[in-house]
Structure formats: C-alpha cells, structure tokens
Amino acid sequence: MEITLLIRILSSVLANSSPLVIAAMGETISERAGVINLSLDGSIMLSAMSGFAVAYLTGNVVLGFLAAMMVGALMALVIAFASITLHQDQVAVGFVLTLLGAELANFLGEPFVRRPGPRVPYMPIPLLRDIPVVGEIFFRQDILVYASIVLIVVVWFWIFKTQAGLRLRGVGERPEAAFARGVSVNRLRYLYTVVGGALVGIAGAAYSLSVKLGWSEGHTLGNGWIALAIVIFGGWHPFRVAFGAYLFGVLISLGGILQRSIPGVPTQVFQAAPFALMILVLLFVSGGALERLLSLFPPRMRRVVGDALRVAPPSALARPFVTE
Amino acid sequence: MTYSQRLVNLLLGLAPVALALMLSTLVLIAAGAPPLEAYKHLLQGASESPAKIADVLVVWVPLALCSAGLLFTFTAGLWNIGVEGQIIFGVIFATWVARNLYLPATLLIPLMIVGGMIGGALWGLLAGTLKVYGGVHEIFAGLGLNFIAITTNIWLIAKPWRPDLGATMQGTDPFPAAAWLPRLAGLRLSPVSLLLATMALVVVFFILRGTLWGLQLKAIGKNARSAYLLGIATNRHVLLSFALCGALAGVAGVVQVSGVWGRNIPQISGGIGYLSLLVAMLSGFRALGVAPVALFFAALGVGAARLHLRMQLDPSLAGVLGAGLVLSVLLVAGLRTRLLISREG
Amino acid sequence: MKVELRGIKKCFGSVRANDGVSLTVEAGSIQGLLGENGAGKTTLMKVLSGFVSPEGGRILLDGKEALFSSPAQAIEKGIGMLHQDPLDFPPLKVLDNFLFGRDSGFLLKRALARKELLELSERFGFTLDPEAYVNTLTVGERQQLEIVRLLSLGVEVLIFDEPTTGISTPQKATLFATLRRLAKEEGKSVIFVSHKLEEVLELCSGVTVLRRGKVAGEIAMPCTSEELVRLMFGQVITTHVAEEVSLGEPVLELRVWGVHTYRLDLSPVSLQVRAGEVIGLAGLEGSGQRLLLRACAGLIKPSRGSLFLRGEDMSGKSYQKFLDAGVAYLPAGRLEEGLIPGLNLAEHFVLARREKAPFFINWALARGDAGRKIEEFNIIGSPSTLVEGLSGGNQQRALLALLPDSLRLLLLEHPTRGLDVESALWVWDRLLERREEGTAILFTSTDLDEILERSDRISVFSGGKMLEILDASQTDVEQLGYLIGGNRG
C-alpha cells in the first residue's frame, strides 16, 4: 500500500515536472551562451495559449506544439535582437516581454478559455512498462515525459562532449577569447537563444496539452519564474538543473499530501508554497546561508563540499560582445 | 541641427508609437475585431464624459504613487518587481486599521495611511533584506513575495475577514463610512488621493534632484562598488529605497481600499504594481515624466473597460498596447545608438 | 616566415596609435619591439594578428601580401599572438582550452588532444596538467598553454606582448629559454614586445623602438642601454633618488594577523608601519598583497590577530570607521572600484566629502569647489565632465584629488599602471608630498623597479605568505625576483 502510493507520487512528479524541465533546459543553453531570457513566464504563457489554440482549431497536437515552439522562438528572437544587436538591457527587455506575453495570451486566448481540447496521448512503452516499480514510474507516461528525460541527456552531452558545446561554453565564459579562435560569437548567441526559446515554447504547450489541460486566464502564471530560479539553483549544469526541477516537483506533491492529511491548514499556504520555496532555494545557493552551512563542515571537507554546492554563472552572462 | 536631422529625430521619436500601434492592430485583426472601431472605443471610453475623465484620474493616482516610489529603487539600480505585493500589504494593514479602530474619519484615515505605509514598507524591506543580506536577486525576491502577498490577502478575505452573510470570495464587508476617503460629488474620484499622488511626485522629484541622499542613491545605481569605497553606506541606502518605495506603494493600496472600493477585495491591486514598472521605464526614470506617462496608461486602462462592454474584447488589450510601447521604445533607443555609431565610424 | 609590416596606420578617435609604422622580422630571429606605455606597440601587434584592421599600410609574409580580417584568419596564415592577459578561458580545463578552436568534427577528441598536448609540452619542458582548471594556473603556466596551443595550430610567427609582466624570475628564465628555442631550433619568427630595456638587451637580435605611434629607430644588437633610452624618450632621463624622510610614530601595527577567504588564505603577519614610511608589496598577482591591502582598509575582516591604527585596536570595526580613522584605499580598477561612470567630477567631489553635508546640495558652491580641485590637480576636464570621458592619467589624478586632506594610511594598488612616464612621475610627486605630511603608504606594483625605487622597505609575498621584509637599499631586482618565485632567503 505504502509502496504503491510512493510509486504513484513519483510517477506523477515525473509527469508534472516535465514542462519545468524542458523550459529550464532551454534557459540553461541560452544563459550558457551569455543571454538571459527573462521573459520565460510570459513566453510559457503565450506559447501555452497558442499551442492549445492551434491544437484546438486543427485537432492536431503536433501542430499545436509546432506553433508553441515558434512563439517561444520568436520571443527569444526579440530578446536576442534587442540585447545582442542593439545592446539593450536584457533584464529590461525580458521583463517587458514577460508582461507583453501574458497580456497577449489573455487577450488572444479569450475564445479558448475552458474549452475541452485535444491532449498528448498516454503512451506506455510495451515490455518496459511491466518492469516492477521502475516500469510503473518511468514507462507509463506520455511521449513528452520521455522526451524531457532524453532532452536532459542530450543537452548535457552537447555542452560537455561536443565541439559545438565547447564553443557554446566559451562564448558565455569569455567571448573575446572565443572570437580570437574563430567563433562568430554573436551568431552563436542568436542561435542558442532562439533554440532555447523554442524549448521554452514546447514547455508552454506541454502545460496546456498535457500537464494542465486547456487554457484559462493566467493559466501557467509563475512557472516561468520558477524555471528561471531552478536554472540558478542548478548552477547552469543540465543534470543539477533537472534535479532541481524534480526536487521541486517532489516538494510540491508532498505539500499536496500534507494538505489532504492536515485539513486545518488553509489551502492558500500550498498555493504560496512554490514561491516561498523558490526564495529559500535561491537564498541557499547565493547567500551567506551556504557559507554558514560550510563552516559546520571540517576544514578539509569545506573546499570539496563548497565546490559541489557553490554555483557560478557564466562569466559573460548578460554582457554584450563587441569587436574592436 | 539641420532640417534632415530634425526629421530623423522626429521620426525616431514617433517610431515607437507607430510600432506599438502596429503590434496591437495586428493583434486585433488576429482576434477578428475591427481595429479602427476598437481604437475609437478606447479613446471615447477614456474621455467622453467628466465621469470617465475622473475615472482615468482614479487609476492615475495609484499608478503615479507606485511609479514615484519606483524612481527610488530604479535610481539605486534595483528592479523592484515586488510593488504589487507592497500595495497588497498596504491594503492589509489599512484594512486591519479600518476594521479594528473605531475612530472618526479625521483620525481614522490618517491612521490608515500611516498603517498602509508601514505595511508596504515592511514588505519592501523584506525584499531588500533578502537582496542585501541573502544575495537573492530582487527580481526573484519581489516576485515570490508578490505571490505570497496575494495569497495571504485571499486567505484573510476568505477566513478571518469573511463577511457575516454569505461566505463568498467577493471581498470583505464594506468599511465603516469613517474609513472612506471623501469623494467629489457624483464621481469616484477623491481629492485627497489626488493630493497624495501629486505630493509624492513633487517630493520624489526634489529628493532625487537636489539632495545628497538622492545623489548617493544615483551613485549606488551607477556603480555600487565605487560608491561603497567612497564611504557611502550602500546597504542602508538600498534598504531605505526599498522601504520608501514600499511605503508609497502602501499608500496606493490605501487609496484603492478606502477611496475606490471601500472594502478589501482579492484583486485589489489589479496589476498596478507591474504596470507602474512600465510607467517608470517609459518616463525615463524622471518624476516629471511619470505624471503624463501614468495618465496615458490610466486612460488606456479605463478605455479598455469599454472594449469589453461594447465589443466583448478582453481588456488586456490595454496591457498589450502599453507593454508593446515600452518594448518599442527600448528597441528604437537601441537602433538610434546603433545608427549614431555607424554614422561616426 | 619573414614578416614585413609597411607603413601601418591606425587611429583611435583623435589619437594616432600607429602613424606609418614599418617593421621587419626575419625567420628564426627574435625581434624586440620597445616603447613606453602608449607608444603604439600593442596596436601594431593587434594589426599583425588580425584583431585590429589597419587604416593604411601592407602586411607581407615571405614577400607575399597577406590580407586578413580576424585573429582566426591570422592564425591560418601562421601568425599567433600571446596577450599580456592570456586570452584563454579561466573557468575551463587546460585540455578544453587546448581543444577550443581546433575544428575536428562533431565530438571532442579528448584522448588525441591530451597526447598532443603532453608531447608538445614535454618538448619544451613544460608541466601542464590537462585536467587542471585554467583559473588555478599561474600567468606563466597560462602562457605555456598558449604557446603549446598556437604551435599545435602550425603557427610560424609568435608575438609576445609584455610576457614578463606578472611572472616570477624562474618562470622568466624558462620563458626566455623557450623563446630562444623557438627561434633557433624551430625556426619561428618571434616578436618580443616590452617596455623593459634589460629584457630586450638580453634576448633580442634586433630592436625596433616606437615613440608616439612612429618608429623612433631600429638597432641591431648588441647596443648599449643608453642608445635605447635615447630612442624611447628622446632624451636620457635621470632616475629619481628617494629623499630621506624622518619617520614618525607607528601608524599601523599588525599582530599575528591573518585573513581567510575562499580563494586564498593570508598567513599570519606581524608588521609595524610608521608615519611617513613607504612600503612596497612585491609578488605575483594573487599572492596575498591585494588581500593585505583590502583587509588593512577594513574591507575584509581578518580571521585572527589584531590590527592597530595609531594604537587603537580596530578589530570588528566597519569600513566606515577605518575611513574616519584616516585610512584610504585606491584599487587598480579605476572605473570599477573608485570612480562612478555616469557621474561628473563635481558630483564625485560632493560624494567624497567626509564632513557633514547639508541635506540639500548647493550646486553652485559644489561646482566652485570642484573647479578649484581640478585646477590644483591638473585634471584636463571641467566640473561637468563625466569621469568615463577622462584619460587614464586624468582618472588617476581625479582619484588622488578625491582623497581627504589629512590621511594616516594610504593603501594603493598599482598606482601607476597604464600611465605614461610623465603622469607616473606626477603621481609619485603627489604621494611623496603626502608622505612628508606623515602619511604612511603601502602600495603594490608589478614593476619591481618601481618598488625598489620608491619604497623604504619591501615586503615580498608568495602563495599567501609574507616571506620577508627587506630594506629597499639592501636588495636588488635579482633577489626580489628570486623570492617572488617562492624561494626563501
């Protein structure tokens, strides 16, 4: 009994976290290239709405995802153009786009509010699904979940094992040196920002077509900000970022269980919990809290533990690159 | 300046407006609405009668208050996204005062204003403390605190402050008459709130322009490291700017509950906090710019309500136009410097 | 490969960095490029290595005209440059740095590259750990990595821009041996850019001297240093002799005082500095000098021991209290840690005022005060000039002008870095005036000559330890260089 409950929880955490994982992977590669796409919350909202609208009108989920991808890529393209070509403040542009995306989604999405629409089909994998425990957790999901797990590995492989990934890291760490070695810094930054944006778009559609079906005003509100925070928590490393996203999912579903078992606690506590958690997590990785925790360790271990927990952003994050 | 240069400048000045209009026109066409008719309603909805103009001023007041406060934090180089939550904590404190102190209006209203300022300032200080002592970027701190503030207020309305009759999520019981700001005859506008907003703008203008503290804040915004080395107490100044911004946002909250609604409702802040960030950005971070820009945004908001009534269009078109305008301004500003550089080089 | 530059021209704004410069380097030789700071050496080399496109002139490689518009193209043609601050990726591993920019398909071929890296470094006697992160290497090791990397790309011409800045004497010996080997045995053309006469005299087979963007002369070795000095400066300048100043009361006293940070620990130090005394802090960058300055300024809290200012224990006191006690700290990054870009000079003077100021600023008065300071300190600018519009020398003058009138202890990081000779002399004249008023001075510099010439005592740092305190009149460059390299006594 206990075990089946645990399996059900883990399986649903895996499913519910997949949009967050996909969005955070997208943001990880843009930020690795040196561009912050702060518009995540608005991008996810607008692409969730567009993805649902297109899928609803055509009855085709794939077209919905394509539309969402294009919307996410387009938002990212605006950020890329404004910051890489025009040297405008990435935070300012990203913030304005966040609002613009949300308002556009609310305006254009009105006809689709609370309509039943198509969804990504459930797709258990034959044979594998029958493995006890593992099969029940991992292989009785929809394709989006499988894709999100593959994505984590692909992004990791790309960043750390390929020539192109080395160039991506270099462009975000020291664009001047990358340029000296024949890399077209700004072209790469455009590319990764837009690809990252397309992933964010997919994440948006993953909400409206799988995890939180349909569309309503403010449908995905707040999830983009949480994805942004998870990238920081994950120290811009795909595995750690994914860990952060799943950890977040686990904590939230634990909250859900608590809510059912302790009826006295107001539901609002659980609605606010993700954001309180977001602040606490950032406090942990960026603040003096970490240093205080480290001082509890014996001196010899401090360095090792510190290196494992401390995170550093790409050195050239949010810094435009100009040749002489 | 030659004639052609003047022309170029004029075109560059108008370009953002044209761009934003283009975007919203496209959006209207996409939504299947006739654009011209929509703009007509937008304009008329904001200006056709004295009552409508008064309504615009009703929206202008909290926008101007919050944007004025944001000038402090922006000057110090901070992205205080938490204004929305600061408004709500102003609301919460003022609601408590209105519900628990049985005083005549001449005492109650000043107490509500002070209470609102304290509430907003505390919530702002929390974001500031997370930033200064916790290393949490103020965008994340402010945003998270917004959500927490909103849910806190919803809980208060649903539980401790639930009306005696009918436990709905509509809001608290109306405040006692002593807690209402006096209004102009037949209008929703209160002269007191108008006075408060104007005073805030004037005070902010003089503080940022003429005082040592304003200069120190500016120094922190441009280069906090150098400012600290010069002996400026940067942490204290940053915290103070958060507190002041929060206090003004709190006043905006008081105006909302005691001047506009007369009670506390869940959507009491209505996105004014986010909108005021756009206002501050579009004003070029100057107090003199805030007044007209806030007026423009207020008119958009009021006009959009009529879109909903007459054309069944979602009022978020106002937000699309506003955000589109700020985005266009940013893009055109970038293009302008690009043009200047390529002309020199 | 024979390299010929013909009539290279390049302007930055109104400054003619290169005004028709020509230079010839034969294959298998080391050519010196000598000139003081701002003479146009680096610009010329950036033209040759593709970083800067010239406005006029030609580049001939083995007699054939070469055109390239990026550093990558220059490397393809066989020209590689080692920058003063090595242009690598500090957060990445040595091996990844080596691999970066060598196009070889989709995957990173780490095993192959590791073998090549180890072979090449062995050939030159370098010990590079492929798995180490570059930000843990010394500048000398980073140069070695760059040499190996450029050679693996098939470079025939190697440009070294001020390579001896920030490396120890033993590393310098290794570097010079490598350079000779590159020229003699491998037949490469080596260009050695420096402003230090003795290095050029020791190493090069010919020297081109630049002055104010033009070739002042070309000499084949051997020649005398007097000849070179005359070409560099137009006349022979006599070096200053430090004046005797009578030392006063102790100003600063450190008692077994140590600092702990994440990056570096400074081992406990005991030191007494008296009024009017000048102490130079020598050592490689990151050896602890900067940490000492910052902690003495009250910016970092010491982990043990105590610090006394004129007999008062300053333990646990804030930076503000240190300022009130008459301590001032001038870091090296002038626009990063000192001045505030976007504010003008008058605003800076208002902000720097230590005495109680009225709530409202009287701008007319402030502009008047600023004007007087600007005149007094010879700053080329007006009260409304934005500080980022000032030249490096004028920024340093402004920083000195911002210091309060009476100071007990002045802490300086690289006070003359990037300044021309004249400005550097002016800066030191001002500092010596302070010293006569009884201010104690601690300063760091990468220029050992400056440290030897200006200090009463010299303290040498290596790997977070203060090794020794030497009497400046009892030591020389050789001994200092030896100590800096981490050797005791």
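How many residues does the contact take from chain C, and how many from chain A? It takes 18 residues from chain C and 15 residues from chain A. This is a predicted model.

**Chain C against chain A**
- On the side of chain C that touches chain A, the elements giving two or more residues are α2 (71-76) and α3 (94-99) of chain C.
- That side of chain C has 13 nonpolar, 2 polar and 3 charged residues.

**Helix pair in chain B**
- Two packed helices are described by the angle between their axes and the distance between the axes.
- Helix α4 (residues 83-100) of chain B and helix α10 (residues 234-261) of chain B have axes that come within 7 Å and cross at roughly 55°.
- The crossing of α4(B) and α10(B) is right-handed.
- Residues of α4(B) in the contact include Ile87(B), Phe89(B), Gly90(B) and Ala94(B).
- On the α10(B) side, Gly246(B), Gly250(B), Gly253(B) and Val257(B) are among them.
- The residues of this contact divide into 12 nonpolar, 8 polar and no charged.

**Domains of chain C**
- The domain assignment of chain C gives domain 1 (3-233) and domain 2 (250-484).
- Taken over C-alpha atoms, the centres of domain 1 and domain 2 of chain C are separated by 33 Å.
- Their contact takes 8 residues from domain 1 of chain C and 10 residues from domain 2 of chain C.
- The domain 1 side of that contact in chain C has no nonpolar, 7 polar and 1 charged residues.

Note on methods: Residues are numbered from 1 along each chain as its sequence is written. Chains are lettered from A and ligands numbered from 1 in the order in which they are written. This is a predicted model: local features need pLDDT of at least 70, side-chain atom pairs count only at pLDDT 80 or more; totals for chains, interfaces and linings use all residues. Two residues are in contact if their C-beta atoms, placed from the backbone, lie within 7 Å. Helices (H or I, at least four residues) and strands (E, at least two) are DSSP runs, numbered from the N terminus. Ala, Val, Leu, Ile, Met, Phe, Trp, Tyr, Cys and Pro count as nonpolar, Asp, Glu, Lys and Arg as charged, and the others, Gly among them, as polar. Axes are lines fitted to C-alpha atoms, for helices over the stretch in contact, and angles run from 0 to 180 degrees between N-to-C directions. A crossing is left-handed if the near helix is turned anticlockwise from the far one by less than a right angle, and right-handed if clockwise. Domain bounds come from an automatic or database domain assignment.
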